Amino acid sequence: MARHLTRTLLSGITVAAMLGVAVVSAQAATLHMAWSQDATGLDPHKQTAFSSLRLLELIYEPLVRVDASLQIIPAIATSWEFSKDGKELTFKLDSKAKFQDGTAVTSADVKASFERILDEKTGAAARANFLSIAGIDTPDAATVVFHLSQPDVPILTAMSDVNAAIVPASEIKAGSIGTKAVGSGPFKLDKWDPNAKEVLKANKDWAGGATGVDGIEISVLPDEAAILAAMRTKQIDFALLNDPLVATLVPKEASLQLNRVPVLAYHVLQLNPSRKPMTELKVRQAISCAIDRQEVLDTASLGEGKVTGPLTIPALATDPTQLFCYKRDVEKAKKLMAEAGFADGFSATVIGATGEPPTAAAEAQVIQSQLAEIGVKLDIKMMELNVYVDAWLKGDFDMAIALNGGRADPYTMYNRYWTKAGNLQKVANYIDDTLDSQMQQGRAETDPAKRKAIFADFEKHLAEMSPWIWLYTSYSYTAQQKNIAGFVPTPTGTLFSLSKVTIQQ
Amino acid sequence: MNYLMRRLATFPLVLLGVSILVFVAIRMVPGDSITAMLGTEAGLLTPAQRDSLAAYFGIDQPWFVQYWRWIGGILQGNFGVSVTYGRPVLDVILERFPLTLELALLSMVIALAVGMPAGIYAATHNEKRSDLGVRIVAMIGQSTPSFVLGLLIIYTLSAGFGVLPAMGEFAPLWQDPLRNLSQLILPAITLGFAFAASVTRISRSAMLDVLSDDYVRTARSKGASARSVIWRHALPNALIPVVTLSGIEFGYLLGGAVIVEQIYALPGLGRMVLDAILQRDYALVQGAVLFIAFNFMIVNLLVDLAYVALDPRIRLGES
C-alpha cells in the first residue's frame, strides 16, 4: 500500500511536470515582458506609481525627455528656448508628431494639456511643478510659448516627465483621459487586464521612426522569484525587477543578462525634527554620526548601491565623504548626545512600509542595532504601504524609513520639502532661511556652473542640519534574455528605450 | 425541507451583517483610494484637487450615505463599479470565480484522493512503522507553508528541468482544457499537499475511533471480512469529520488562495481581493467579500445536508 501510494504521488507529479512544459515564444517580433506590480491607471497626469509611469511612457510623450545622462532631448518638441530674462519658454513642435488616432499633435493640444494639469479639478500630480506658468500662447500650430511669472529653469526638466504628457485636446473635451489611452508614443495600448496583462502594439505613425518589435506583452507575475523562473524557461524575454535578492541571482543564469543602473531615488532615514528630542540639532547630528551607511547598504541590500548625500544627480552630487559625519564616529555621536542632554539615550519609533522597498525592514533593523550603541532604543513598526503613506503624509512618525523618488533637477526634486512654501513641509518638518534661499537661487540661476555651486552648498548644509539621514541610492534592475538588443537603462528608470529594442534570432 | 427553508432565510441577515462589517473595516484602515493611487505624491494636492478626486472615487459623501447607496444598488442587482477595472464589480468577480472554483475542486480531489486512503491505511496499521511513516509525512505536509512548497516546485522545475507552466495569461477550461490543466495542476498540488495532510490525520483518527466501536466488533465476530468491515461498516461513519474538514477547507479555498495565486500568477479571487485592498478599491472589496461569504454559507449548508446522507440517525433542525 505504501509503495502504491508513493507511486501514485510520484506519477502525479511527473504528469504535472509533463503537462507543464513551457511553450517557447514563436512570435519573435513580440517582446514578452514581466513585472511584479501592475500599472494602477491610464491617466498620465494623475498616475505616480512607478509601474504606471513605465507603462505610460511607452504610450504618451511629453514635450521633451531626458536621456541616460539626464540631458534634455527632443520628444514632441524639436527645439526650445528660454528668453533672456528666463520668463518665456518657447517650443517648436515636431511636424511629424501624430496621436495614435491619426490626428496631428498641435500647439492647441499642448495648451489644453497644460491647462488640464493646472486645473485643480483634475487632481494632476505634477501641478505643483508648473505653478509659475502665467499664460500659454499658441502663435501657430507648431509653436507654443509659456509665459512664466518668474524665472524657472527647472520647469524644463519637469516637462520631461510623463506626468506632463501631451494628450489630445479632443480627448480632454470628451472626458476620456484615463479610460482611453491615446498618446503619440511608440506603442498603442491594445488591451489592459488590470493586475494580469497589458498588450501593446507598435504605433506605425510614431514620429520617432519604426519600433524594433511589433508589440510588447506585459504579464504581471507578482512573485519575482517566479519571474526569474519564467525567464529561465524562456517564457519571458525582458523583466523589471525590484528585489536585489532576486536581481543578484540573474547573472548566475547563462542565458540571462542583468542590466543595472544607479537611480535617482534614495533610501533615507527621515527624522521628524518637530518631535522631541529630534528638535535638537545635536541629537540629529548624533544619529547621523552613529549610522554606518555602508553597513546599512551592505546588510540590507547586499551592497547593491552607493552611499549618497542628498543630491543623487551624478552631475551635481558632492562626494559623500566630504559631507557631515559620513564616516561613522560613535564617540562623536555619544559626545553630541551628552551635549544635548541625552547621554542616556531615548526611545523612538521608526515606521517602514512592508515590501516598499523590499529592503525596508532590513534597513530598519541595521539602524536599530547601530543606534542602540548610542543609547537610542528604536521600536520598528512595519505597515502596509497605504497605512504608511497615510502616517507619512500627516508627519505622524518619529522616524521613517523611506525610498523617495528622485528627479533630474534638484529644485524639482526637493522644493516640496526644503522650501518654506513646500507642499510637503509638514512631512519634512524642518526649514531654515539658508535652505530656502539656496533653493530660490538655484531655481532662477541659468548658468550651469553657478547652479552647481549653489546646490553643492545646499547639499552640504542639509547634511549638516541632518533633518534626514540620507543612506544610499540603489540600482534599477532589468533582466533580459541575451538575444535582446538595444535596451538602454537610465537613472530615471524609464523603459522608453524598449521602443528601439530588437529580438535577435 | 423546513430546515432548508429556515437556513436559507438566515442568509440575508448574515449577509447584511457581513456587508456592515466589511464596509466599516475597509474604511477604518488608514489611507484611501487617493493615497493608493498617488502614494506620497498625494501630499502635493491642494484641498480643491483632493475634493475633486474624492468625488471621482465616490468617497466624498458621509459613510452612511455611501453605505445606503451601495446596499440600495445591490438590491437592484448593481454591486457598483470597480475603480481599478472600470467595470461592474459583479462582472469582475464572476470572471475570476471559475478559476478559483476549479482550483478549489482540483485541490480537494487531490486531498481526498491522497489523504483518505493514507489515513485509512494508517488507522488499519495503527502503531506500526508504516503508520508512523504516514503520520510523519502528514505532519510535514501540515507544517510546510504553501509559499515554501510553491517556490520549491517552481524552482525545481525551472532550474532543474527547464520547464514551467505558461505563466501570465491564464487559459479558461472551456477554451483550452490541456493548457488550463497544465497551469492549474501545480498550484492544486501546492494547495492539496497541506489539505491532504489534514485529511490524512483526521481520517486516521476518525477511523481509529470507529474501529473500536461495538458495532465494528460485532461485524467482525459475525465473520465479516477485514475489507468489508473497513469499507462497508466503518468508513461511512468515519466520513463525517472528513466531510466537516473538507467543507471548511473548501469554503476557505473558494475565497481564493492568495499566496498560491500570487506565486503562480493566477488571476483568481484571492489575488483580486488582495489587489483591491491594496488599491483601496472599496466597491470591489465589498462586493467580493459578500460573494465569498455567500459561497461559504452555501458550502456549510451542503456539509450539513451531507451529514444526513451519511448518517440517517441525524435529523437536522431537531433539538
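**The A–B contact and the folds behind it**

The contact takes 52 residues from chain A and 57 residues from chain B, with two residues counted as in contact if their C-beta atoms, placed from the backbone, lie within 7 Å. On the side of chain A that touches chain B, α1 (2-19), β10 (215-220), α6 (224-232) and α12 (385-393) of chain A each supply at least two residues; helices (H or I, at least four residues) and strands (E, at least two) are DSSP runs, numbered from the N terminus. This side of chain A divides into 31 nonpolar, 12 polar and 9 charged residues, where Ala, Val, Leu, Ile, Met, Phe, Trp, Tyr, Cys and Pro count as nonpolar, Asp, Glu, Lys and Arg as charged, and the others, Gly among them, as polar.

The model is predicted: local features need pLDDT of at least 70 and side-chain atom pairs count only at pLDDT 80 or more, whereas totals for chains, interfaces and linings use all residues. Residues are numbered from 1 along each chain as its sequence is written, and chains are lettered from A.

Turning to chain B, its secondary structure comes to 13 helices and 0 strands. The C-alpha trace of chain B spans about 85 × 60 × 35 Å along its principal axes. Of its 319 residues, 42% count as buried (20 or more other C-beta atoms within 10 Å of the residue's own, C-beta atoms being placed from the backbone).

In chain A, strands β15 (residues 346-353) and β16 (residues 376-383) run parallel and are joined by 8 bridges. Within this pairing, Ile351(A) has Lys381(A) of β16(A) as its bridge partner.

How values were computed
Two strands pair if DSSP finds at least two bridges between them. A residue is buried if 20 or more other C-beta atoms lie within 10 Å of its own, exposed if 12 or fewer, and partly exposed in between; C-beta atoms are placed from the backbone.
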